[in-house]
Amino acid sequence: MKREESLKLLADEGRVWDMVIIGGGATGLGCAVDAVLRGYSVALFEQDDFAKGTSSRSTKLVHGGVRYLQHGDVALVFEALRERGRMKANAPHLVKDQAFVISNYRWRDNFLYFCGLAFYDLLSLGFGYGRSRFISAAKTARCLPVSVKRGLKGGIVYHDGQFDDSRMAVNLAQTCAEHGGCLLNHAPVEEIMHDEKGRVCGVRMTDSETGRRYRVRARSVVNAAGVFVDRVMAMDQPGHAPLVRPSQGVHLVLDKRFLQSDYAIMVPKTSDGRVLFAVPWHDKVVVGTTDILRETPEEEPRPLEEEIDFILGTAALYMDPAPTRADILSMFAGQRPLAAPSREGKSTKELSRGHKIIVSDHSLITITGGKWTSYRKMAEDTVDKAGVLGLLPLRKCMTRRFPIHGYREHSDLTNHLYVYGSDMPAIAELMRQGYDTKLVEGFDYTEAEVVWAVREEMARTVEDVLARRVRILFVDARRAVQAAPRVAQLLAAELGYDEAWERAQVEQFTRLAEHYYPSV
């Protein structure tokens, strides 16, 4: 996947693409893979980097949605559980089984949660990861050594999936490119074009690196811009009513000593009626999430103090010792696109978590809502819609059983390179060529991964590398700052930039990283 090859494809402005997709997150990339595998010509544009927004800031779970089952949305859970199974089958190098423990401090909760999770297992029949079971208080304490022991009445073990979100996004982009798709990051769409009948017929896009503008004609245009879908819809129909309202979710990353287990913690009902997870991830622990409506979407959302306090306070009820602000290695906020409330004061718990497809009067197709687990189904429905509308010839979806780039079974999870799947040997070869120096003390990430990210994964900035290719920013923000100068040097050498560019990159990244750890 090389940026210069995509730019060559776009140089022919007389070409008419079958589908142009706006947005390089989970949904947009899923649509691109689906469309290109059906034989359509596809161009995708992302204003920043692939998975820059919500799609790199998830809880790192592939799940059916236990909380949605609590709210009675059985159809949504049923669909998600099937997609959970397909996601693992199509990307076994990224998706793995994760066992969770619910610690119960009332006898009746053992019964209630076991019954609920047994139903969860039943809904996943044929796509399950493992069966739920009751365990004693003593076994619960052994599974979760950090659990609060006083008053413990037992626990329930159940299974969901766990993955690396932005690595999945990169692999989807590579899959699309390998099958003829054209993808470009750092390429904001600034205008939607219409033909003489007023129907959408393409976009105008600018390459942020060169400033060159491109006119890209298309038979269909898909708006998959996540929390920014309203901005794109306004390009098509100025003055349209807002479609989504961003809901912010925050996660804190702690040292593994706050879990000391391969099991994850699931708190089924917090003080405000939501769910909290503590999940092992890249040898750390991700704890979250919050769910707070925000007025407007943000490119770089920041955790609110009340969100940090809420997570720490809730974690203290289930972790011994309790984590403090000083223990936070990194923290990140993501904003989910929820349907805008029809009345003021409506809570996030009442807003739809399913996906919606909206077609404008000018045939702009907008897809919004959903979650990572259902990205493939969202893409299938969106590309189907283009066919139903007569914008493209109807063709069968091919993604239900299709290995994405990097597909590799039985990965060694003790090797930090496992997320590269079938690309592991190529990175090992780069290490043999002299790029085997580690980027920063305490992590196994090497210079080879930076070089690979630039040459094969379209990384263009220090942030692209440290946030979404090797994930150091998301697991230890202070260490990421230490790694930035060397990453900038490697990028400059690969891309042909000078020392002034290196310094600017380090300064920009350092300012960004300051918002990923709290002031103590």
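Let's start where two helices touch: Val74, Val77, Phe78, Leu81, Arg82 and Arg84 in α4 meet Phe119, Tyr120 and Leu123 in α5. Contact here means heavy atoms within 4.5 Å. Sorted by class, the residues of this contact are seven nonpolar, no polar and two charged. In that sorting, Ala, Val, Leu, Ile, Met, Phe, Trp, Tyr, Cys and Pro count as nonpolar, Asp, Glu, Lys and Arg as charged, and the others, Gly among them, as polar.

Before going on, keep in mind that this is a predicted model, in which local features need pLDDT of at least 70, side-chain atom pairs count only at pLDDT 80 or more, and totals for chains, interfaces and linings use all residues. Residues are numbered from 1 along each chain as its sequence is written, and side-chain values use heavy atoms, with hydrogens and water left out.

Back to our helices. α4 covers residues 74–90 and α5 residues 107–123; they pack at an angle of about 60°, with their axes 9 Å apart. Helices (H or I, at least four residues) and strands (E, at least two) are DSSP runs, numbered from the N terminus. The axes are lines fitted to C-alpha atoms, for helices over the stretch in contact, and angles run from 0 to 180 degrees between N-to-C directions. α4 and α5 are therefore oblique to each other; angles under 35 degrees count as roughly parallel, over 145 as roughly antiparallel, 65 to 115 as roughly perpendicular and the rest as oblique.

Now find strand β10 (residues 213–223). β10 pairs with strand β1 (residues 16–22) in the parallel sense over six bridges, and Trp17 has Ala218 in β10 as its bridge partner. Two strands pair if DSSP finds at least two bridges between them. With strand β9 (residues 200–206), β10 pairs in the antiparallel sense over five bridges, and here Gly202 stands opposite Arg217. The hairpin of β9 and β10 has six residues between the strands, and in it Gly211 takes a positive phi near 80°. β10 also pairs with strand β18 (residues 365–369), in the parallel sense over two bridges, where Val222 is opposite Ile365.

On a 1 Å grid over the protein atoms alone, a cavity is a set of points where a 1.4 Å probe fits but cannot get out, and a pocket is an open set with protein on both sides within 12 Å along at least five of seven lines; lining residues have an atom within 4 Å of a point. Grid points are joined across faces, edges and corners, and a volume is the space filled by probe spheres set on the points. Helix α2 gives the most to the lining of the largest cavity, with three residues.

The second largest pocket has about 700 Å³ of space. Of its 30 lining residues, Trp281, His282, Asp283, Leu413 and Tyr418 lie nearest its centre. By class, this lining has ten nonpolar, six polar and 14 charged residues.

Most residues other than glycine have a negative phi, and most peptide bonds are trans. Asp283, in the loop between β13 and β14, has a positive phi near 65°. A cis peptide bond joins Gly288 and Thr289, with omega about 20°, and another cis bond joins Asp320 and Pro321, with omega about 10°.
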